[in-house]
Amino acid sequence: MVKVAFFDAKAYDRPSFEKYGGIHDMEFLFFETKLNAYTADLAKGCDAVCVFVNDDVNAEVINRLYDAGVRLIALRSAGYNNVDVRAAYGKIHVVHVPAYSPYAVAEHAMAMLLTSVRRIHKAYNRTREFNFSLNGLTGFDMHGKTVGVIGTGRIGRIFIDICRGFGMNVLAYDRYPAENSGIEYVSLDRLFSESDIISLHCPLTNETKHLIGHGAISKMKKGVVLVNTSRGALIDAEALLEGIKSRKVGAACLDVYEEEADIFFEDHSGHIMDDELLSRLISMPNVIVTSHQAFLTEEALNNIAETTVGNILAFFEGDGFCENELCYRCGNIEHCKKERNRKCF
Ligand code: NAI
């Protein structure tokens with residue numbers, strides 16, 4: 001029986017993992033704590049660890065897991081910026097869930113955008129107190145506006161389709177533009193200067209960290225609406241706050257935040273918030289924050305559990321080849337997946 005230490009476990013994770021794990025006679029040990037250097041030893045005696053976006057799987061943690069006998073890191077997320085895949089090479093294999101419901105994330109991005117643009121968050125609070133005034137709730141039509149989409153992978157392209165349904169003009173930027181996609185690719189500078197709305201759907205890498213900083217914001221249209229359902233560190237939050245205070249940025253919809261690891265997914269309502277920057281952002285009337293919630297649909301949770309259990313089984317059975325292994329040997333994960341039909345090492 002494969003034994004898996006499941007870190008950062010939440011109540012909503014368990015039913016789907018118990019269901020799919022049970023079908024395949026897999027044992028999950030659910031730990032509420034996040035994985036880090038202090039908690040890695042909890043995985044002793046386990047074959048694999050199952051981790052999420054805010055588990056810190058750095059080189060030290062990887063060495064501890066390896067010494068504890070762990071041979072597989074199974075990410076139950078698409079993004080893997082929190083795993084030092086280079087340090088894992090030669091020791092522990094890493095698998096992820098490349099797609100579980102890109103619709104969930106793209107639809108959440110649009111939900112946040114509509115909420116912000118049509119002031120639904122304010123109207124909701126008002127009518128609950130029988131305040132039916134419309135003052136201050138004026139929005140704008142999405143039809144005819146230009147949306148700039150950065151990253152046109154699975155999620156970005158669904159978001160583009162949704163935007164087209166609204167009659168919006170779409171400009172896009174991607175490091176690797178999709179050929180024959182009918183998407184209008186432009187330079188980042190042009191996207192910044194012509195977009196009324198900018199939505200981020202690229203991964204967090206060294207290159208994309210603080211992609212939206214002072215320089216980028218200075219090139220944007222006054223009143224631009226920024227949407228980030230990708231990774232927090234794509235935006236320099238200090239620069240964003242300044243952009244909002246100077247009225248350059250008209251609104252921000254944030255499902256992710258650079259320093260979210262110790263804050264998001266938990267109830268801090270009875271405590272003083274230490275993060276001044278996040279407090280300031282949340283206090284702004286034109287900022288909407290959700291707590292890394294974009295993935296959270298029934299469909300996505302089931303797909304995540306099914307794929308993760310499938311990844312773990314594929315690794316521990318047969319020749320160990322798993323098509324969702326992150327192959328860092330060649331440094332080109334996506335390309336390598338197409339060529340490779342064996343384990344990364
Ligand atoms: P994907 O891999 O299908 O697409 C990413 C796209 O970004 C690709 O087209 C790639 O060429 C492009 N890209 C790579 N480097 C770039 C750069 N330097 N500049 C511009 N584009 C670049 O990934 P998918 O499934 O669409 O997910 C996108 C991101 O969404 C993930 O990396 C993850 O961070 C985030 N995400 C957030 C969730 C949430 O709950 N908020 C849930 C799932 C994913």
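Two residues are taken to be in contact when heavy atoms of the two lie within 4.5 Å. In this predicted model, residues 24 or more positions apart account for 65% of the contacts in the chain that have a separation of 6 or more. Buried residues make up 50% of the 345 residues, and the accessible surface of the chain comes to about 16700 Å², of which carbon and sulfur atoms contribute 49%.

The chain is built from 12 helices and 11 strands. Its radius of gyration is 21 Å, close to the 20 Å that the globule rule gives for 345 residues, and the chain is therefore as compact as a globular protein of that length. Taken along the principal axes, the box filled by the C-alpha atoms is roughly 60 × 50 × 35 Å.

Among the strands, five form an open sheet with parallel pairing, in the order β2-β1-β3-β4-β5. From one strand to the next, the twist averages 25 degrees.

Within the sheet, strand β3 (residues 48–51) pairs in the parallel sense with strand β4 (residues 72–75) over four bridges, and the bridge partner of cysteine 50 in β4 is alanine 74. Helix α1, which spans residues 14–23, lies across β1 (3–6), β2 and β3, and runs at about 160 degrees to β2.

Methods: Residues numbered from 1 in each chain as written. Predicted model: local features only at pLDDT ≥ 70, side-chain atom pairs only at ≥ 80, totals over all residues. Heavy atoms only, no water. Pairing = 2+ DSSP bridges. Helix = DSSP H or I, 4+ residues; strand = E, 2+ residues; numbered from the N terminus. Axes fitted to C-alpha atoms, helices over the stretch in contact; angles between N-to-C directions. Rg over C-alpha atoms; globule rule 2.2 N^0.38 Å. Buried < 20%, exposed > 50% of the residue type's maximum accessible area, 1.4 Å probe, protein only. Areas by Shrake-Rupley, 256 points an atom, 1.4 Å probe, with all protein chains shown as cover.
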